[in-house]
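Dear colleague,

I am passing on the model we spoke about, with the sequence and coordinates placed just below. My notes on what was found follow after that.

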Amino acid sequence: MNKETYEPTAADLAQIENLGISRAQLEKQLTAFEEGIPYLSIVRAADSKSGVTVLTEKQSVAALETWAQLLRDPAVNVLKFVPASGAASRMFKDLHRFLAGEDPTPSVQEVLDNLTHFAFYDALNRACMLGEGGKTVPKLLERGEARVVIKYLLTEVGLNYANLPKALVLFHKYPQVSRTAMEEHLAEGAMYTRNSKGITRLHFTLSPEHIKPFDALLQRRKAALEEAYSTIFQVTHSIQKSSTDTVAVDLENHPLRDEDGELIFRPGGHGALIENLNEVDADIIFIKNIDNVVPDFQKSSTIIHKKILGGYLVQLRDRVYHYAAELSNTPKPSTSLLSEVQSFLRDAFCIETDELSSVEGDDPLAELQKEENRGALARTLRQLLNRPIRVCGMVRNDGEPGGGPYIVRDKEGRTSLQILEKSQVDMNNIHAREQYESSRYFNPVDLVCCIKDYRGNKYDLRLFVDPDTGFISNKSKGGRELKALELPGLWNGAMSRWNTAFVEVPADTFNPVKTVNDLLRPAHSVE
């Protein structure tokens, strides 16, 4: 195996030590490239009959009341966690190609024809006027200098959007001001996480080079947003740790080196953010992607269903806490209690457990065996209850297979609910492919989490990652083909051993901005 023929040099060892990566971690990464990552075993796609809860109106109202009651408790700590470390460059992919000399595609032409409708238009127009001797965007377009306009949009001579995170891109235009994605997350967070003291807490993950412009924008806009939403924002941020980077290899799985002879490492993907999530402290944490935000007048459905998800989580959490306390405080739990907990785990989280073994007779030896069996089952149930909890919103996705909710069986034969991507499924296996493609729900990354046990102690989230999950993808760097290893995804393998519930949410709560053209959709328009 290549990992066995590779012997790290003293310089390699110094390099990985500086990154915070151990030799054992490096060798494990090389093994993953060599042996591949095992596929997960799908039992079936989760649906409204099994795995995805469709709340009734009565249940939704109850969840809203539960959430409102929780926020009235001054001791409760709620946080919104926003992965925002990715650059916006992919959002402008077609415009990059146009700037490099390619002919305009239909998507590029759509942008050029609708520049005045974008929230960043005024800023772009000012940049063009300053840099081009007073020439406005319309004047430059009229003169056939569309690439000059795009240069001021993407590069450092203007707005520099190709090198900024989506968090700092102006998304929505209001009558008096335009807002970035970051500002919209603050506004949204205030509408469902503001506590009884009037505080709204958010945490963003950022790349190191983006911290300074992020802080500068926050300082400029924070006071106005606090006044608009009657709240005090407490905003923190962190960077993805270098210790979560993964080594790159060539197509023969040999470690790649740069021109200086150093090993090439790449960020380990959003799964690395489990480390960042592990370091924040809160009772309830909402997780939502940076680009899935809408203007205020479009927010009502999102706010209502965020509160519903939060309330439903609290209801599940309270039952988990109740059963965990019962099993911990009862030396000899009854058969009825054990059966009740088993039913709860099955109904709430699709976790099947072995039935209590029957023992014939009522003699002392038989009674002792019954007690031992109950004790063994109680230990299993306590372990299954003693996990972080997440409730994940799921959007109907009729006829369009994609990453979504599934019931999966692990190596021990136990079932659970998991969010899977196509790369985690053996598409050559007919059953697996059919089950994967039969999914009618899509994962919009709409999570609310509880990361504390029934005693109030915070879990070490790293203990609940399935290290045997992850992704291997083909990339290129400097003209060289390479293979990259992504860590178990944040809402995939990094949360594999959490107790998971899926709840249907309406499609209008999912409005991502994957390309700049998405900002022209009605959901992102305030006109």
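Two strands are taken to pair if DSSP finds at least two bridges between them, and helices (H or I, at least four residues) and strands (E, at least two) are DSSP runs, numbered from the N terminus. On that basis strand β16 (residues 471–477) and strand β17 (residues 480–486) are joined by seven bridges and run antiparallel, with Ile472 standing opposite Leu485 in β17. The hairpin that they form has two residues between the strands, and in it Gly478 takes a positive phi near 60 degrees.

Before the rest, the conventions. This is a predicted model, in which local features need pLDDT of at least 70 and side-chain atom pairs count only at pLDDT 80 or more, whereas totals for chains, interfaces and linings use all residues. Residues are numbered from 1 along each chain as its sequence is written, and side-chain values use heavy atoms, with hydrogens and water left out.

Strand β10 (residues 284–288) has five of its five residues buried (under 20% relative accessible area, where exposed is over 50% and partly exposed lies in between, with a 1.4 Å probe and protein chains only), so it is largely enclosed by the rest of the structure. Ile284, Phe286 and Lys288 are buried on one side of β10, and Ile285 and Ile287 on the other. Strand β3 (residues 78–83) runs parallel to β10 and is joined to it by four bridges, Lys80 being opposite Phe286; strand β15 (residues 446–450), by contrast, runs antiparallel to β10 over five bridges, and there Ile287 stands opposite Leu447.

A separate, open sheet of three strands has the order β1-β12-β13 with antiparallel pairing. Its edges are β1 (41–45) and β13 (415–420), each with a single partner strand, so one side of each is left without a neighbour in the sheet. Strand β12 (residues 404–409) pairs with β13 over six bridges, and Arg409 is opposite Thr415.

Turning to the helices, the axes of α10 (residues 181–192) and α11 (residues 211–229) come within 10 Å and cross at roughly 35 degrees, where axes are lines fitted to C-alpha atoms, for helices over the stretch in contact, and angles run from 0 to 180 degrees between N-to-C directions.

Leaving aside neighbours within four places in sequence, Phe204 is in contact with residues including Val82, Met182, Leu186, Phe214 and Ile290.

Helix α9 itself has seven of its nine residues buried, so it is largely enclosed by the rest of the structure; Val148, Ile150 and Leu153 are among those buried. What covers the buried residues of α9 includes α5 (93–99), α6 (106–113), α7 (121–131) and α8 (137–142).

With best regards

Definitions and conventions:
Contact = heavy atoms within 4.5 Å.
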